[in-house]
Amino acid sequence: MKTILKINITVKEICEGFVYNELEGKGLFGLSGKLTIQPEYQRNYIYASDGGKREIAVIESVLKGYPIGLIYFNKVDEEKFEVLDGQQRITSLGRFVTDKFAIKDENGLEQYFTGMALDKQRKILGTKLLIYECEGTESEIKEWFKTINIVGIPLNNQELLNAVYSGPFVTLGKAEFSNSQNANIQKWSAYIKGSANRQHFWERALDWVSKGNIGDYMSRHRYDNNITEVKTYFNSVIDWVSSVFIDVENEMRGLEWGRLYETYHKEAYDPAKVSVKVQKLYGDPYVKNRKGIFEYILGGSTDTKLLNVRVFDEATKKSVYASQTKAAKAKGKSNCPDCAMGHDANKSKIWGFNEMEADHVSAWSKGGETTAKNCEMLCIRHNRAKGNR
Ligand SMILES: [Zn+2]
């Protein structure tokens, strides 16, 4: 890979013909059209999020004469360049000089570029940037791109995969799933955590259709001119969840809906009955893990481990142990009711407190409460034999 360091390119030249696409959240061109700011393998512009703190910091650095770091261009042709690293900083500069956002002056007043004192405008436009122009094969450039971290915010996994497998497939995927203007995002956000800009919906869509093998799937479909399979599968999962569960609860966000769809979508559910069950479990103070409610219901309301049901506290267990043991001794029988009914040597055995476990007399899943009244101590062997109720 060949590199040349350029030290005389100014902010003014870079921002010549700057275009920012509000819809896609991308800085598009600069350097009088010779520079593509956001090639496909670059992520969306994210410096404007968090109230724009990062893009403001870029402008303040320039005004103070601080360096804003090295910028890398990929030379794709004579007079044609793409930004490899520095896209966020260049977009910040371009957006500022085109009055897309303001900074605060010494008196705390908002100032847009065209309203600034001329000497300050000149200072920004005349600032020279340190730019490396690189020339190499696509794979050299991509390999190298994979290893760098963009100043401040490292690329996340999906952003890296988008870079590595850039092509028509990724372009279409991002247009559908990484476009924060897509009206479906709100609906998807009920079930998926994250943001469109950081590729979280695109990542989930790929994860579901590929059953977790995103990289492999992307490499096989890299040159596809459609994303039909991804989209169809994704919509099937979302439609399924939203029709089985008519309630939208916070705990639904980020669950493994792809896996749950695969496991349960052939079962029939009555959404009205499901809703009653969901509400009942939400109102149950013994359910500690609300995230488990959905899979618990899908699986036929049997696997109480998913709910992490609250267990008996120590004081309750000790008092039940004491009264049970006292009564057993008086009858000359074991303090484990199950042992007492048996015919082996344990039928009169008095177990120690630490040799016993608490059990719900009336099973929790059938409405039994976690109170002393519904508590029974069993020897460990008999409690485990009863299994998970
Ligand atoms: Zn026993």
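User: What makes K349 count as lying over the face of W351?

Analyst: In this predicted model, K349 is placed at 4.8 Å from the ring centre of W351. A charge sits over a ring if NZ of Lys or CZ of Arg is within 6 Å of the ring centre and within 35 degrees of the ring normal. K349 is listed as lying over the face of W351. R95 is also described this way, over the face of Y20 and at 4.7 Å from the ring centre.

User: Why is the site of the zinc ion called tetrahedral?

Analyst: The four donor atoms of the zinc ion make angles of 98 to 115° among themselves. Four donors count as tetrahedral if all angles lie between 85 and 135 degrees, so the label applies. For four tetrahedral donors the ideal angle at a metal is 109.5 degrees.

User: Which atoms coordinate the zinc ion, and how do you know that they are donors?

Analyst: They are SG of C336, SG of C339, SG of C379 and ND1 of H382, at 2.0 to 2.3 Å. The cut-off for a donor to this metal is 2.8 Å, so these atoms qualify. Along the chain the donors follow the spacing C-x2-C-x39-C-x2-H.

User: What makes C336 and H382 a link between distant parts of the chain?

Analyst: C336 belongs to the loop between α15 (314-331) and α16 (337-340), while H382 belongs to helix α17 (residues 380-386), and the two are 46 residues apart. Both C336 and H382 are buried.

User: Which residues form one aromatic cluster with F201, W202 and W208?

Analyst: The cluster also takes in F169, F177, W188, Y217 and F234. The structure as a whole holds 21 aromatic pairs.

User: Why is the pair of F73 and F81 given the label it has?

Analyst: The ring centres of F73 and F81 are 6.1 Å apart and the planes stand at 45°, so the pair is tilted. Centres must lie within 6.5 Å to pair, and tilted is the class left between under 30 degrees for stacked and over 60 for edge-to-face. F73 is buried at 1% relative accessibility, and F81 is buried with a relative accessible area of 9%.

User: What makes the pair of Y233 and Y261 edge-to-face?

Analyst: The planes of Y233 and Y261 are at 85°, with ring centres 5.5 Å apart, so the pair is edge-to-face. The cut-off for that class is over 60 degrees between planes. Y233 is in helix α11 and Y261 in helix α12, so the pair ties together parts 28 residues apart in sequence. Relative accessibility is 14% for Y233, which is buried, and 11% for Y261, which also counts as buried.

User: How do you know whether E110 is buried or exposed?

Analyst: E110 has a relative accessible area of 55%, so it is exposed, the cut-off being over 50%. E110 is found in strand β8 (residues 110-111). Leaving aside neighbours within four places in sequence, its contacts are A102, I103 and K104.

User: And is T91 buried or exposed?

Analyst: T91 has 0% relative accessibility and counts as buried, since buried means under 20%. T91 is in helix α3 (residues 87-97). Apart from neighbours within four places in sequence, T91 is in contact with F18, Y20, G27, I37 and Y45.

User: Why are β1 and β2 called edge strands?

Analyst: The open sheet of seven strands has the order β1-β9-β5-β6-β4-β3-β2, with mixed pairing. β1 (2-10) and β2 (19-21) each pair on one side only.

User: How do you know that β4 and β6 pair?

Analyst: Strand β4 (residues 35-36) and strand β6 (residues 80-85) share two bridges in the parallel sense. T36 has E82 in β6 as its bridge partner.

User: What makes strand β10 largely enclosed?

Analyst: Four of the five residues of β10 (residues 356-360) are buried, so the rest of the structure largely encloses it. β10 pairs with strand β11 (residues 375-379) in the antiparallel sense over five bridges. Opposite E357 stands L378 in β11.

Note on methods:
Residues are numbered from 1 along each chain as its sequence is written. This is a predicted model: local features need pLDDT of at least 70, side-chain atom pairs count only at pLDDT 80 or more; totals for chains, interfaces and linings use all residues. Side-chain values use heavy atoms; hydrogens and water are left out. Donors are N, O and S atoms within 2.8 Å of the metal (3.2 Å for Na, K and Ca); water is not among the atoms, so sites may look incomplete. Four donors count as tetrahedral if all angles lie between 85 and 135 degrees; four count as square planar and six as octahedral if opposite donors are over 155 degrees apart and all others between 65 and 115; anything else is irregular. Buried means under 20% relative accessible area, exposed over 50%, partly exposed in between (1.4 Å probe, protein chains only). Contact means heavy atoms within 4.5 Å. Rings of Phe, Tyr and Trp (its six-membered ring) pair if their centres lie within 6.5 Å; planes under 30 degrees apart count as stacked, over 60 as edge-to-face and the rest as tilted. Two strands pair if DSSP finds at least two bridges between them.
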